[in-house]
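Take a look at the model below. This report goes from the whole chain down to single residues.

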Amino acid sequence: MADDRPIIVGTDGSIRARYAVLEAARIARMYSRPLRIVTAHSPLFAMTAFDPEPTSDEIERLETILRDSRDAIRDRFGDIDIETEWSVGDAATVLVRASRYASAVVVGARGQGAVHRMLVGSVATKVATYADSPVYVVRAGEYNPDGPVTVGLAPEGPARRTLDLAMGAARAEGTSLRALRAHQHSAAGLCNMPEGDHKESLRRDIAASVRDSEALFTEVCANHPDVHATFVHIQAHATDCLIDASRISRLVVVAPNGRGPEEKTLGSVALAVLHHAPAVLVAR
């Protein structure tokens, strides 16, 4: 994580947001970073241009949320370098803007309705997609605190940077790392395909792709000799593999699809993991 930039966490004062605040404090202490707690005032009907300033009662409410969050951290973690800030605007926009100056952003998963445990919420999704820094998306008490950091490797996207970030997270957490390389086609189609040149060509392509991923894994491991890491190739869909792995993992690390520095698109696998896994780190 970059320099001495703060860990930033968003809160709206809810129970789920309180968990994100405490998890952000834990991460900030783990990486020896300052912590900045941010809350947002979003005017009704987006009438910001007409009345951008909240009322005195609303300001008091925002400051109470920040003060309560700070006190909760002090009670749990003692002395941590904490800043607090409220801003006018949509919560996701405020956090994305703040991410330009952050080491990482932490948001709570807050899907609504009967399937809330399977949905991450619009704010978390937007922040995870558009932030300039890595983004932690966390659910209360559902990850395995003794599990490894699991990272998904794919032939596209910034695999080296993602693997480096995952290695750093495993080191900071004091745990091991497991790199998963999945192949949907070898599970879904290859076994049922008739023998012939096309099947053999597909086998070779899969084998070459796995070798490339494993070679990168070995190279990055050499730069992190203090982290115990394993490479696993699974013949299944990457989404299923990572969601299944999340149940026994401390953290799952995924990455956007794009290759360029400005490409932030989250693919279908990363989005599915974001919606289902207990604790996710989106690499940037």
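Predicted model: local features only at pLDDT ≥ 70, side-chain atom pairs only at ≥ 80, totals over all residues.

## The whole chain

The protein chain has 284 residues, and 51% of them count as buried. It contains 9 helices and 10 strands.

Strand β6 covers residues 149-153. Is this strand mostly covered or mostly open? It is mostly covered, with 4 of its 5 residues buried.

β6 pairs with strand β7, residues 177-182. The two run parallel, and 5 bridges join them. In this pairing, G152 stands opposite L180 in β7. β6 also pairs with strand β9, residues 251-254. That pairing is parallel too, over 3 bridges. Here V149 stands opposite L251 in β9. As a general point, side chains in a regular strand alternate between the two faces of the sheet.

## A salt-bridge network

Side chains of opposite charge can pair when their charged atoms come close. How many salt bridges does the structure hold? The count is 11.

Start with R26 and E23. Their closest N and O atoms are 2.9 Å apart, and they form a salt bridge. Both residues lie in helix α1, residues 15-31. They are 3 residues apart, about one turn of the helix.

R250 has 4%, so R250 is buried. E23 is at 6%, so E23 counts as buried as well.

R250 has another partner, E173. Their closest N and O atoms are 3.6 Å apart in this salt bridge. Again the pair links distant parts of the chain: E173 is in helix α5 (residues 159-173), 77 residues from R250. Both R250 and E173 are buried. Through shared partners, salt bridges join E23, R26, E173 and R250 into one network.

## Cysteines and disulfides

A disulfide is a covalent bond between the sulfur atoms of two cysteines. How many disulfides are counted here? The count comes to 0.

Are C221 and C241 buried or exposed? C221 has a relative accessible area of 18%, so C221 is buried. C241 is at 10%, so C241 counts as buried too.

## A histidine in a loop

Where is H224 found? H224 is in the loop between α7 (197-222) and β8 (229-234). Its relative accessibility is 10%, so H224 counts as buried.

Which residues does H224 contact, leaving aside neighbours within four places in sequence? They are D164, M167 and R171.

Technical notes
Residues numbered from 1 in each chain as written. Heavy atoms only, no water. Buried < 20%, exposed > 50% of the residue type's maximum accessible area, 1.4 Å probe, protein only. Contact = heavy atoms within 4.5 Å. Disulfide = S-S within 2.5 Å. Pairing = 2+ DSSP bridges. Salt bridge = Lys/Arg side-chain N within 4 Å of Asp/Glu carboxyl O.
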